[in-house]
Amino acid sequence: MDPIILSFLVPILAGIFAFKLEGKRADALLVGASGFSLLAITYSLTTFTPRHVVLAEVGGFGEVYGLMVDDISLPIAFVVSLVGFLFMLYSIDYLSPQNREKPVHEGKGRFHGWMLIFLGSTLGFLFSSSMLQMLVFFELMSLACWGVVGFYGTKEAIRSAYKALLMPNFGALVGLYSAFALAYLKTHNLSLLSLSGLPQDIKLLVFLGAMIAAFTKSAQFPLYSWLPDAMEAPTPASAFLHGAAMIEMGVFLLARVVQFMSPIPKIGGFVMLFLLAITLLITTIAYPMQKDAKRLLAYSTMAEAAVMYSGVLFAVFGSELGIKLAMFQIFTHAFVKGLGFLTAGTFSYSLGTRNMGKIKVSGLVGAVWMLSLFGLAGAPPFGIFFSKALLLRSGAQIGGMCWAIVLLILLDSTVFFVVSALRVRDMLGGRDLKVTSLMRGIITILAVLAVIAPALGYKLIVGW
């Protein structure tokens with residue numbers, strides 16, 4: 001069997017079994033399944049062969065199941081499996097009775113199960129070659145997100161979980177189902193490749209429908225409020241949700257549609273530009289008001305997703321590298337955002353609070369917190385500096401209305417940097433936090449990966 005299929009099938013099946021396990025047995029299954037997925041993707045990357053494999057066709061519907069392995073899906077799958085594996089390792093010690101904010105005495109298997117299903121459905125989504133596949137894995141991701149956000153079972157967690165389930169699904173029903181149904185009625189084939197044969201007026205409608213679904217998945221204006229509320233999830237789940245799963249898969253969805261449907265009527269690009277501009281204005285205004293470390297990171301995720309979408313926007317306006325630059329931004333963002341969330345997780349674990357006004361840190365935790373915030377603002381040497389610089393240059397070369405997005409990205413980054421500097425100034429001091437060796441090791445690995453990510457990502461995505 002193709003290792004690509006195993007990379008998402010194994011964690012999904014293991015996730016179902018994990019629900020019945022507890023303690024070290026649940027931990028072992030988590031590590032084994034996520035580690036296998038990482039090895040399968042890494043092997044596929046080192047033996048990379050671009051391919052479109054049709055695995056199932058049904059008369060009247062065309063291709064319903066297959067694999068699309070290319071220089072977009074495979075590198076993103078690699079970063080998803082790598083950071084996913086690290087986040088899951090971190091959760092072994094984070095979900096414990098020693099966690100001062102929310103001690104966990106039971107239920108590990110349930111959390112691990114949802115996380116493995118989350119990982120598997122994300123990878124399955126990446127390699128989908130048909131519209132039906134994308135819809136199935138789109139919904140499975142939403143279900144897994146509901147499971148992890150509501151894990152603690154508090155009133156706030158349950159409310160946030162349903163919000164995280166219903167709002168993206170509203171976007172899917174209004175946008176993605178309608179878009180794919182319209183495409184199928186015109187082509188009578190569910191293959192993504194069939195999108196290229198649509199007439200221009202239908203392409204515009206399909207693009208706008210997919211954009212509605214993608215933007216709700218990525219918490220862009222106007223349906224974005226579910227994401228800050230989803231911070232009720234355990235921190236390893238938040239890291240995966242923000243760094244390599246739901247948010248980024250919205251970008252990937254729209255990138256796939258543009259990839260197979262280009263050229264797209266320019267009016268679609270102007271609608272997209274308008275919504276991205278409002279999103280960036282919202283995040284810029286929100287940063288100074290955030291006291292909770294994870295909510296600050298959540299608004300940063302909204303802005304970084306808008307930066308990723310700008311690459312897709314530039315592709316709509318004719319940039320040959322737009323989609324690859326968007327994927328490059330996904331690649332570099334994953335490590336820095338994961339570092340930020342897992343560092344915030346040490347606040348919860350050791351101090352029992354995420355309120356930045358009550359936190360004093362030094363040593364390794366203080367250093368990586370400072371570096372992750374500055375990295376997310378786009379400061380070197382972290383990878384976002386390089387991917388964001390290439391995106392901004394691409395927008396400037398296109399000119400016209402794209403300058404509005406370029407300037408808003410610069411404004412957002414500047415405000416986030418200033419807010420981060422003020423927060424860091426007030427938070428540094430005291431003593432290094434007491435966290436387990438495993439948690440400390442993982443944030444150290446992420447810090448290193450965040451620095452080397454641009455060289456690796458550029459070679460795998462832009463350089464291929």
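This is a predicted model: local features need pLDDT of at least 70, side-chain atom pairs count only at pLDDT 80 or more; totals for chains, interfaces and linings use all residues.
I'll start with what the record says. UniProt, in an unreviewed entry, carries the annotation "domain: NADH-Ubiquinone oxidoreductase (complex I) chain 5 N-terminal", and it places this on residues 59-96. In the model, that stretch is 58% helix and 21% strand. Its end C-alpha atoms are 52 Å apart.

The other annotation, also from an unreviewed UniProt entry, is "domain: NADH:quinone oxidoreductase/Mrp antiporter transmembrane", listed for residues 128-406. Here the model has 75% helix and 0% strand. The end C-alpha atoms of this span lie 32 Å apart.

Next, helix packing. Helix H2 runs over residues 23-46 and helix H3 over residues 73-94. Their axes are 9 Å apart, and the angle between the two helices is about 160 degrees. That angle makes H2 roughly antiparallel to H3. The crossing of H2 past H3 is left-handed.

Now a pair from further along the chain. How far apart are the axes of H12 and H15, and at what angle do these helices pack? The axes of helix H12, residues 293-316, and H15 are 10 Å apart, and the packing angle is about 40 degrees. H12 and H15 are therefore oblique to each other. H12 also passes H15 in a left-handed crossing.

On to the backbone. As background, most peptide bonds are trans, and most residues other than glycine have a negative phi.

Take the peptide bonds. The bond from Ser262 to Pro263 is cis, with omega near 5 degrees. Pro263 sits in the loop between H10 and helix H11, which covers 266-286. Pro380 and Pro381 are also joined by a cis peptide bond, with omega about 10 degrees. You will find Pro381 in the loop between helix H14 (363-376) and helix H15 (383-398).

Then phi. His188 is not a glycine, yet its phi is positive, at about 55 degrees. His188 belongs to the loop that links helix H6 (155-187) and helix H7 (200-217). Ala219, not a glycine either, has a positive phi of about 55 degrees. Ala219 is in the loop between H7 and helix H8, residues 226-229.

Last, the largest pocket. In general, rolling a probe the size of a water molecule over the atoms shows where empty space is left. The largest pocket in this model has a volume of about 190 Å³.

Which residues line it? The lining includes Asp71, Ile72, Val258, Gln259 and Ser262. Ala315, Ser319, Glu320, Gly322, Ile323 and Lys324 are also part of the lining.

Helix H10 (246-261) and helix H13 (322-351) each supply at least two. Sorted by class, the lining has four nonpolar, four polar and three charged residues.

That is the end of the walk-through.

Key: Residues are numbered from 1 along each chain as its sequence is written. Side-chain values use heavy atoms; hydrogens and water are left out. On a 1 Å grid over the protein atoms alone, a cavity is a set of points where a 1.4 Å probe fits but cannot get out, and a pocket is an open set with protein on both sides within 12 Å along at least five of seven lines; lining residues have an atom within 4 Å of a point. Grid points are joined across faces, edges and corners, and a volume is the space filled by probe spheres set on the points. Helices (H or I, at least four residues) and strands (E, at least two) are DSSP runs, numbered from the N terminus. Ala, Val, Leu, Ile, Met, Phe, Trp, Tyr, Cys and Pro count as nonpolar, Asp, Glu, Lys and Arg as charged, and the others, Gly among them, as polar. UniProt positions are given in the numbering used here, feature names are shortened, and annotations may be inferred rather than shown by experiment. Axes are lines fitted to C-alpha atoms, for helices over the stretch in contact, and angles run from 0 to 180 degrees between N-to-C directions. Angles under 35 degrees count as roughly parallel, over 145 as roughly antiparallel, 65 to 115 as roughly perpendicular and the rest as oblique. A crossing is left-handed if the near helix is turned anticlockwise from the far one by less than a right angle, and right-handed if clockwise.
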